[in-house]
Amino acid sequence: MFKRLYTQNHKILAGKSQNDLLRASRINKVTKHIISAIKSTGETDPSMNPLLSHALALGKQYQVPKHNIQEAIKKATSKDKDLAIKHVIYQGMAHGGSVVIESLTPNTNKTHAEIRLIFKQHGGQLSTVQYLFDFLGLIRVEKTDESLEKALDLDLVDIQEQEDQLHLYCEPEQLSKLNLQDFKVLEQSRVYRPKEVLNATEAFHEFVKDLENQEETVRVHTDSH
């Protein structure tokens with residue numbers, strides 16, 4: 001009897017713990033997207049900043065509390081040195097692949113040291129690799145016959161068809177200018193798209209995973225898949 005009650009309580013607590021971790025992870029994700037959207041564009045009006053608009057929509061979907069949203073915007077726009085967060089780009093190579101890392105950090109020295117250590121642990125180094133990528137706006141939309149036809153009329157750099165999505169690439173400044181009313185938009189972002197895609201090794205995947213797990217990392221762009 002006691003054993004059964006203990007087991008039930010343990011399962012309830014374990015489930016609650018997993019839910020709390022998922023909620024915290026989602027809040028952290030939305031917070032980073034909001035700050036990144038504002039820092040990378042300087043625009044705080046969602047109607048003029050599709051990245052921010054998407055981040056706020058994600059916050060609504062994940063039911064992120066209003067005070068977390070407001071705190072993220074405050075951090076992104078604050079001139080207080082104790083609150084100020086910088087949007088920083090790191091880049092380099094390891095295991096035959098190149099990466100561009102977007103980070104949000106209040107302490108660039110600390111973040112730089114931690115990123116550099118990850119490169120060192122994987123036998124890589126920080127170096128200039130951005131020339132291997134194109135910096136583009138990316139709009140992921142639901143794929144239909146109609147959406148593909150309408151996409152051809154937009155001012156785009158490229159269109160890539162996926163199984164159930166279209167990836168629409170444009171110049172970064174065009175993100176807020178494109179008329180997307182006829183599309184079901186799934187996500188809008190700015191990406192570093194590799195000019196040439198390489199085959200990644202398992203060691204490279206582990207390297208990227210370590211970078212993604214670094215606390216201040218927002219996004220890791222790679223040239224290897």
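Phe119 and Phe207 are both buried (under 20% relative accessible area, with exposed meaning over 50% and partly exposed in between, for a 1.4 Å probe and protein chains only). The model is a predicted one, in which local features need pLDDT of at least 70 and side-chain atom pairs count only at pLDDT 80 or more, while totals for chains, interfaces and linings use all residues. Residues are numbered from 1 along each chain as its sequence is written, and side-chain values use heavy atoms, with hydrogens and water left out.

The structure holds 3 aromatic pairs (rings of Phe, Tyr and Trp, the last by its six-membered ring, with centres within 6.5 Å; planes under 30 degrees apart are stacked, over 60 edge-to-face and the rest tilted). One of them joins Phe119 and Phe207 edge-to-face, at 5.1 Å centre to centre and 75 degrees between the planes. Phe119 belongs to helix H4 (residues 108-121) and Phe207 to helix H6 (residues 202-213), so the contact ties together parts 88 residues apart in sequence. Helices (H or I, at least four residues) and strands (E, at least two) are DSSP runs numbered from the N terminus.

Turning to the strands, E2 (residues 97-105) is mostly covered, with 9 of its 9 residues buried. Gly97, Val99, Ile101, Ser103 and Thr105 point one way from E2, and Ser98, Val100, Glu102 and Leu104 the other way. Strand E1 (residues 86-94) pairs with E2 in the antiparallel sense over 9 bridges (pairing requires at least two DSSP bridges between the strands). Within this pairing, His87 stands opposite Leu104. The hairpin of E1 and E2 has 2 residues between the strands, and His95 takes a positive phi near 55 degrees there. E2 also pairs with strand E8 (residues 217-222), again antiparallel, over 5 bridges; Thr217 in E8 is the bridge partner of Ser103.

Charged contacts complete the picture, with 8 salt bridges in the structure (a side-chain nitrogen of Lys or Arg within 4 Å of a carboxyl oxygen of Asp or Glu). Glu216 and Lys110 form one, with their closest N and O atoms 3.7 Å apart. This pair links the loop between H6 and E8 to helix H4, across 106 residues. Glu216 is buried at 9% relative accessible area, whereas Lys110 is partly exposed at 34%. Lys110, Glu114 and Glu216 are linked in a salt-bridge network.

Arg193 takes part in a salt bridge with Asp158, the closest N and O atoms being 2.8 Å apart. Asp158 lies in strand E5 (residues 158-161) and Arg193 in strand E7, so parts 35 residues apart in sequence are tied together.
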